[in-house]
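The following questions and answers examine one protein structure, from its overall build to individual residues. Please consult the sequence and the model while reading.

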Amino acid sequence: FRIFTGTLAFINFAMIAVDFDAWFGERGYVPSRIGDRAVGDLVRINFLYGVSDDRITIAFYALTMIAAVLTAFGLWSRVSSVVLAVGVITLHHRNILILHGGDTLLRMCCIYVALSPSGAACSVDRLIRLWKGKELGAPALVSLWPQRLVEYNIALLYFTSVWNKSFGSAWKGGYATYYPLNLHEFDRFWVPDFLQRQPFLMLTTYGTLAVELAMATLVFYKPARRWVILSALGLHAFIEYSMN
């Protein structure tokens with residue numbers, strides 16, 4: 001989880017860096033005064049609040065990317081993971097106008113990695129401890145609560161998804177999946193025409209709700225867990241296949 005989160009954070013910021021001036025520069029779309037105003041009056045973690053010098057913002061951005069690499073490799077895990085979490089939170093609050101659900105998920109993942117003993121295994125830190133003789137044999141057992149925290153957050157994500165969809169007439173009517181299949185600017189690969197007609201629309205609409213609800217509830221029931229997770233993987237695989 002640490003390796004995945006650090007790698008994903010680095011790739012994410014490397015991609016955004018191509019348009020750094022546009023998103024984080026003072027001559028871009030969101031200069032600091034606009035970014036600070038967009039956040040509102042709520043107190044948030046933002047070490048770039050009021051900073052209008054691009055050199056400072058670039059240095060902070062680079063530091064966050066370095067922390068992402070160190071976190072992925074598990075070097076100085078405790079410090080690097082905390083720096084990564086604070087960096088991601090700050091940059092997201094510096095410009096909240098370009099964020100989406102994936103950014104929110106990344107931010108939560110970074111917080112979980114920072115809160116957990118994520119360098120205890122599969123890390124350069126452990127290799128160094130083994131080399132220095134400070135650790136022998138298998139990695140030490142640690143508390144399972146960070147993993148549980150991730151599981152509960154994912155379950156809550158699916159539950160709120162079902163809850164919000166339950167207020168939509170298209171979801172209740174059994175034809176909601178018609179619309180994403182006909183947003184052709186997002187087409188990726190060919191999808192059979194019959195999936196855009198009833199009764200298959202009803203099957204995919206209610207099936208989506210059922211899988212998401214199961215990921216919020218039945219996934220914690222061990223005999224059903226494998227089938228629930230396989231169903232969720234199938235759901236997301238189809239979305240990934242059909243939509244760009």
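A residue is called buried when its relative accessible area is under 20%, and exposed when that value is over 50%. The model discussed here is predicted.

Q: Which pattern does the protein chain follow along the sequence, and how many helices and strands are there?
A: Read along the sequence, the pattern is α-α-α-α-α-α-α-α-α-α-α-α. The counts for the protein chain are zero strands and 12 helices.

Q: What share of the contacts between residues at least 6 apart in sequence joins residues at least 24 apart?
A: The C-alpha atoms of the protein chain occupy a box of roughly 60 × 55 × 35 Å along the principal axes. Within the chain, contacts are counted between residues at least 6 apart in sequence, and the share of them that joins residues at least 24 apart is 68%.

Q: How far apart are the mean positions of the positive and negative charges?
A: The protein chain carries 21 positive and 16 negative charges.

Q: How many residues of α5 are buried?
A: Helix α5 covers residues 77-94, and its first and last C-alpha atoms are 25 Å apart, close to the 26 Å expected at 1.5 Å a residue. This helix is mostly covered. Of its 18 residues, the number buried is 13.

Q: Is Cys109 buried or exposed, and which cysteine has the sulfur nearest to that of Cys109?
A: The structure holds zero disulfides. Cys109 is accordingly in no disulfide, and the nearest cysteine sulfur is 7.0 Å away. The relative accessible area of Cys109 is 11%, so this residue is buried. The cysteine with the nearest sulfur is Cys110.

Q: What is the phi of Cys122, and is the residue buried or exposed?
A: Cys122 is found in the loop between α6 (101-115) and α7 (124-132). Its relative accessibility is 64%, so Cys122 counts as exposed. Although Cys122 is not a glycine, its phi is positive, at about 55°.

Q: Where does Trp76 lie, and what is its relative accessible area?
A: Trp76 is not a glycine, yet it has a positive phi of about 50°. Its place is the loop between α4 and α5. Trp76 is exposed because its relative accessible area is 57%.

Q: Which residues does Leu48 touch, not counting residues up to four places away in sequence?
A: Leu48 lies in the loop between α3 (32-39) and α4 (54-73), and it counts as buried because its relative accessibility is 2%. Its C-alpha is 9.2 Å from that of Asp36, a residue 12 places away in sequence. Setting aside residues up to four places away, Leu48 touches Ile56, Thr57, Phe60, Thr90, Leu91 and Arg94.

Q: Which residues does Leu195 touch, with residues up to four places away in sequence not counted?
A: Leu195 is in the loop between α10 (178-181) and α11 (200-216). At 15% relative accessibility, Leu195 falls under the cut-off and therefore counts as buried. Beyond four places in sequence, the residues in contact with Leu195 are Leu181, Phe200, Leu201 and Phe238.

Q: Which residue does a cis peptide bond join to Pro199?
A: Pro199 lies in the loop between α10 and α11. The cis bond has an omega of about 5°, and the partner of Pro199 is Gln198.

Q: Which helices do the buried residues of α11 pack against?
A: The 17 residues of α11 should span 24 Å at 1.5 Å a residue, and the end C-alpha atoms are 24 Å apart, which agrees. Its buried residues include Leu201, Thr205, Leu209, Glu212 and Met215. The helices they pack against are α8 (145-165), α9 (169-173), α10 and α12 (222-242).

Key: Residues numbered from 1 in each chain as written. Predicted model: local features only at pLDDT ≥ 70, side-chain atom pairs only at ≥ 80, totals over all residues. Heavy atoms only, no water. Helix = DSSP H or I, 4+ residues; strand = E, 2+ residues; numbered from the N terminus. Contact = heavy atoms within 4.5 Å. Lys, Arg positive; Asp, Glu negative; His and termini not counted. Charge placed at Lys NZ, Arg CZ, Asp CG, Glu CD. Expected span 1.5 Å × (residues − 1). Buried < 20%, exposed > 50% of the residue type's maximum accessible area, 1.4 Å probe, protein only. Disulfide = S-S within 2.5 Å.
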